[in-house]
Amino acid sequence: MPSLDLLATFLEIYRAGSLSAAAQRLGVTQPAVTGQLARLEEQIGEPLFLRSRQGVTPTPRAAALAARVSLHLDGLRDVLGSTEAEPPLRGTVRIGGAAEIMTLRVLPALAPLTGRGLYLQASFGLAEALLADLAADRLDLVVSSIRPTHQALLGVPLVDEEFLLVGPPSMARTVDAERLRTDPAEALAALPLVAYGEELPILRRYWRSEFGHRPANPVALVAPDLRAVLAAVEAGAGISALPRYLAEPALAAGRVVRLHRSDAPPLNTLYLAVRRGAPANPALIVVREQLTDAATAWGAL
């Protein structure tokens with residue numbers, strides 16, 4: 001079994017995206033990091049990273065190993081960490097993400113860091129545009145709804161969003177319960193949709209995942225903010241698929257009802273994306289760790 005030292009070095013390489021950045025974080029030389037990685041790869045029996053001039057790219061085996069050990073290693077750091085007051089933070093972190101997840105989860109999780117002197121600049125937008133800004137050094141960190149594929153970027157899974165199909169109680173009462181059980185897509189076909197975009201990005205995924213085809217329902221309203229989508233559903237405009245974290249308060253209050261259930265609701269993974277080989281930024285490291293810890297408490301959103 002690999003030692004904790006080797007696994008800790010591996011995890012820093014995985015998160016930093018380069019051997020030099022990992023060495024700087026660990027306070028050791030790059031040859032020391034290279035040697036520890038070589039020993040770990042020898043013990044495991046296969047390479048964990050593909051080297052390039054831009055840094056390192058994790059293999060599927062590395063991603064699986066990081067998912068298995070990160071929670072345990074981070075927990076050990078918490079247990080063994082100092083009990084002294086947290087040191088002040090200096091600097092700025094420019095972070096981007098979708099308005100809904102940033103507003104309801106990310107920024108509240110990071111708010112305590114501002115008391116230590118951290119300055120946050122938040123940007124909202126679609127994942128593709130935000131990742132382009134990250135690659136161009138206009139952002140430091142992106143909470144992305146798509147996996148980064150740009151060679152200059154590294155994405156680490158953060159949390160899964162779970163999508164629920166919901167509608168106003170008045171519309172739910174018009175659906176035939178037996179037909180909903182045997183042929184849910186047909187039972188729901190007459191209900192209008194409230195969509196996030198004209199291409200029905202979330203609804204299309206839900207229908208294909210659960211029913212095997214695109215929705216044929218009429219579209220009543222399109223709004224590029226999931227909070228506006230929820231408000232329109234509550235007001236009776238139609239039905240929609242929404243992240244559980246967003247829909248749960250309205251479900252609990254009875255303002256909307258769940259129209260369809262499955263053993264495994266559709267999921268979408270959110271990623272923490274950074275630039276590979278970027279200079280070590282202590283404030284950015286703390287922000288990433290804060291979000292990773294918070295995501296553990298969130299579970300599936």
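Me: Leaving aside its neighbours within four places in sequence, which residues is D225 in contact with?

Reply: In this predicted model, and with those close neighbours set aside, D225 is in contact with A99, E100 and Y196.

Me: And where is D225 found?

Reply: D225 is found in the loop between β8, which covers residues 219-222, and α11. As for Y196, one of its contacts, the C-alpha atoms of D225 and Y196 are separated by 6.4 Å, although the two residues are 29 residues apart along the chain.

Me: Which residues of helix α11 are buried?

Reply: Helix α11 spans residues 226-234, and its buried residues are L226, V229, L230, A232 and V233. Seen down the axis of α11, these buried residues fall within an arc of 160°, so they line one face of the helix.

Me: Where do they sit, D137 and L200?

Reply: D137 lies in the loop between α6 (127-135) and β5 (141-144), while L200 is found in the loop between β7 (193-195) and α10 (201-211).

Me: Buried or exposed, or partly exposed, for those two?

Reply: D137 counts as partly exposed, at 41% relative accessibility, whereas L200 counts as buried, at 7% relative accessibility.

Me: Switching to the whole protein, how many helices and strands does it have?

Reply: The protein has 13 helices and 11 strands, and its C-alpha atoms fill a box of roughly 65 × 45 × 35 Å when this is taken along the principal axes. Of its 301 residues, 46% count as buried.

Me: What share of the contacts with a separation of 6 or more comes from residues 24 or more positions apart?

Reply: Residues 24 or more positions apart account for 72% of those contacts in the protein.

Me: OK, helix packing. At what angle do α5 and α13 pack?

Reply: Helix α5 (residues 99-114) and helix α13 (residues 282-298) pack at an angle of about 125°, with their axes 10 Å apart. The two helices are therefore oblique to each other, and their crossing is right-handed. On the α5 side the contact is made by R105, V106, A109, L110, P112 and L113, and on the α13 side by V286, V287, Q290, L291, A294 and W298.

Me: And what about α1 and α2, how far apart are their axes?

Reply: The axes of α1 and helix α2 (residues 19-26) are 8 Å apart, and the helices pack at an angle of about 125°, which makes α1 oblique to α2. This crossing, too, is right-handed. The contact is made by T9, E12, I13, R15 and A16 of α1 together with L19, A21, A22, R25 and L26 of α2.

Me: Which residues does L37 touch, not counting those up to four places away in sequence?

Reply: L37 touches I13, L19, L48, F49 and R51. L37 itself is found in helix α3, residues 30-44, and is buried, with a relative accessible area of 2%.

Me: How far apart are the C-alpha atoms of L37 and A21?

Reply: They are separated by 14 Å, with L37 and A21 being 16 residues apart along the chain.

Me: F49 came up among those contacts of L37. How many aromatic pairs does the structure hold?

Reply: The structure holds 5 aromatic pairs. One of them is formed by F10 and F49, a tilted pair with 5.7 Å centre to centre and 45° between the planes. F10 lies in helix α1 (residues 4-16) and F49 in strand β1 (residues 49-52), so the pair ties together parts that are 39 residues apart in sequence.

Me: Are F10 and F49 buried or exposed?

Reply: Both F10 and F49 are buried.

Me: Last one: which residues do ring pairs link into a cluster with F10?

Reply: Ring pairs link F10 with Y14 and F49 into a cluster.

Note on methods. Residues numbered from 1 in each chain as written. Predicted model: local features only at pLDDT ≥ 70, side-chain atom pairs only at ≥ 80, totals over all residues. Heavy atoms only, no water. Phe/Tyr/Trp six-rings, centres within 6.5 Å; stacked < 30°, edge-to-face > 60°. Helix = DSSP H or I, 4+ residues; strand = E, 2+ residues; numbered from the N terminus. Buried < 20%, exposed > 50% of the residue type's maximum accessible area, 1.4 Å probe, protein only. Arc of directions from axis to C-beta. Axes fitted to C-alpha atoms, helices over the stretch in contact; angles between N-to-C directions. Parallel < 35°, antiparallel > 145°, perpendicular 65-115°, else oblique. Left-handed = near helix turned anticlockwise from the far one by under 90°. Contact = heavy atoms within 4.5 Å.
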